[in-house]
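I opened this model to take notes on its fold, its core and its ligand site. Here is what I looked up, entry by entry.

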Amino acid sequence: ADATLSDTPPARSAADQLLLEVLLSPHGPAGPYPAYRRLRQAAPVHVSASGVVVLSRYRDCDTALRDRALGKADESLGFRLSPVPPELSQRALHRFRRTMLFRNPPDHHRLRTLVADVFTTRHIRDLRSSVVTAVEALLDSIADKRDADIITDLALPLPVSVIGDLLGLPEHGRAAAAPMVRDLMAPLEPAADAAAIERAANAEDQLADYLGEIIADKRRRPGEDLLSRLATARGRDTLDHDECVGTAILLFAAGFETTTNLIGNGTTALLEHPDQAARLRSTPDLAANAVEELLRWDAPVQTNGRTALAATTIGDTVIEPGQVVLMLLGSANRDPDRYGNAEELDLARPNPTPLSFGGGIHYCLGAALARMEAAEALPRLLARFPNLAARGEPTRRTGLSFRGLTSLPVHAS
Ligand code: HEM
């Protein structure tokens, strides 16, 4: 059954109340961070009335991510605030659920190793010059416009083109698939309702049609790209049809939505902290560390879920098999027990190592790629436009799990 908070008894605890506040209204000017702070203080390991274990401290999230007793089950996808009919939950995302993101060993290992070498730091380094070319071309068109939108003119098209090239997707059709990805990912939000899950199921069908056709082409005429590899996998690496299409969907989806939010949230933070932007302008060598600190400051993925496959403990809290664990990564990243001046943005902070890419066996496969895209895009954006300034109000996406903007208007000069 789905784990829910809304089925808690009427006398909800103060900590449950705080948690609901975090999950439902993360969009004030300060984001979810003030509510995280209060939750960390009031109940750092909070067991909701329905049995969901909510972790908000760095060390607890870090421990949970590495704990092999905590794994993936339908419940980790299904943690939500309001109940959804089980048949709908089951139907939704039946291909996506077959991917590494939702599997435990040994399937997880088989599915991940098939594509993992493409995402190693060494291989990603080889993509750098083509990413720089793509960034410069996007900055050229921003310079022509002057009144631009960081999301639609840079943060979205850059990762779409990079992952599109890696997968071997024809240029046309890529951009049209982007909104489907947004619908597809919506069930990962605790606040997703039945309508959102229905939309996700439809989006998965559309993405499966789009990518399935390209995969069939690659099977006939394989190239050097990732979809060709998925299409022609043999022997121990064999994928069944749903695994193949699901993996293509996962790589396409994970490859840009989150990176878009890193570049968008990162630009917002730099606009709000002109001293830090000036620092990065004058010291481009700070780029790699700056990206880590920006990942800590406003993580693109704020939550991560697991289900106990066996009994385990986090601190003094015993977790029984089947219990859902919700990790508030964005809260862990601001934990004062881990970070001095946790509520300050400091691009030169030594060793930020945020939990923004998760941890353990599901540690983000695309971390090196996302870091490289942001490290090439952000300093170049600042260097090209010394007077970059916000123009009007940004538009924020709803939801907590994926934190980002759909529009960030700027004046670029
Ligand atoms: C997994 C975040 C970019 C592919 C994850 C996880 C997180 C994450 C938190 C762990 C999920 C879990 O444990 O359940 C991010 C962020 C990104 C980003 C914040 C950008 C800033 C990318 C990119 C790709 C990618 C560019 C490229 C294809 C994946 C894949 C997994 C994953 C395939 C599943 C790994 C597994 O289950 O073994 N990501 N990601 N991500 N990410 Fe990313």
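**Overall fold.** I started with the radius of gyration. A compact globule of 413 residues would come out near 22 Å, and the chain has 21 Å, so the two agree. I keep in mind that this is a predicted model. The C-alpha trace spans about 60 × 55 × 35 Å along its principal axes. I then listed the secondary structure and got 19 helices and twelve strands. Buried residues account for 49% of the 413. Next I took contacts between residues at least 6 apart in sequence; 74% of them join residues at least 24 apart.

**Core.** Which residues have the most contacts inside the largest nonpolar core? I found Ala248, Ile249 and Val325, in a core of 117 residues. Helix 14 gives the most to this core, with nine residues.

I checked the partners of Ile249, leaving aside neighbours within four places in sequence. They are Arg95, Phe96, Glu204, Leu207, Ala208 and Leu211.

Then I turned to Val325, which sits in strand 8, residues 324-328. Is Val325 buried or exposed? It counts as buried because 27 C-beta neighbours lie inside 10 Å, and the cut-off for buried is 20 or more. Beyond four places in sequence, Val325 is in contact with Val53, Leu55, Ala64, Leu70, Gly305, Arg306, Ala308 and Ile319. I also took a C-alpha distance: Val325 and Val47 are 278 residues apart along the chain, yet separated by 9.1 Å.

**Ligand site.** I counted 23 residues around the ligand. The closest are Thr258, Gly358, His362, Cys364 and Gly366. By class, the shell has 14 nonpolar, eight polar and one charged residues. Which helices supply at least two shell residues each? I noted helix 14 (241-254), helix 15 (257-272) and helix 19 (367-384).

**Helix 19.** I looked at this shell helix on its own. Its 18 residues reach 26 Å from first C-alpha to last, close to the 26 Å expected at 1.5 Å a residue. I listed its buried residues: Leu369, Ala370, Arg371, Met372, Glu373, Ala374, Ala375, Glu376, Ala377, Leu378, Pro379 and Leu381. Arg371, Glu373 and Glu376 are among them.

**Loops and backbone.** I went through the loops next. Ser50 lies between strand 1 (45-47) and strand 2 (53-55). It counts as partly exposed because it has 18 C-beta neighbours inside 10 Å. Its C-alpha is 22 Å from that of Ser331, 281 residues away along the chain.

Which peptide bond is cis, with omega near 0°? I found it from Pro105 to Pro106. Pro106 lies in the loop between helix 5 (86-91) and helix 6 (107-116).

I also noted positive phi values outside glycine. Arg146 has phi near 70°. Its loop runs between helix 8 (128-145) and strand 4 (147-149). Arg146 is exposed, with 12 other C-beta atoms within 10 Å; the cut-off for exposed is 12 or fewer. Asn341 has phi of about 45°. It is found in the loop between helix 18 (329-332) and helix 19. Asn341 counts as exposed because it has 9 C-beta neighbours inside 10 Å.

Definitions and conventions
Residues numbered from 1 in each chain as written. Predicted model: local features only at pLDDT ≥ 70, side-chain atom pairs only at ≥ 80, totals over all residues. Near = placed C-beta within 6 Å. Helix = DSSP H or I, 4+ residues; strand = E, 2+ residues; numbered from the N terminus. Nonpolar A, V, L, I, M, F, W, Y, C, P; charged D, E, K, R; others polar. Rg over C-alpha atoms; globule rule 2.2 N^0.38 Å. Contact = placed C-beta atoms within 7 Å. Expected span 1.5 Å × (residues − 1). Core = buried A, V, L, I, M, F, W, Y, C linked by C-beta atoms within 7 Å.
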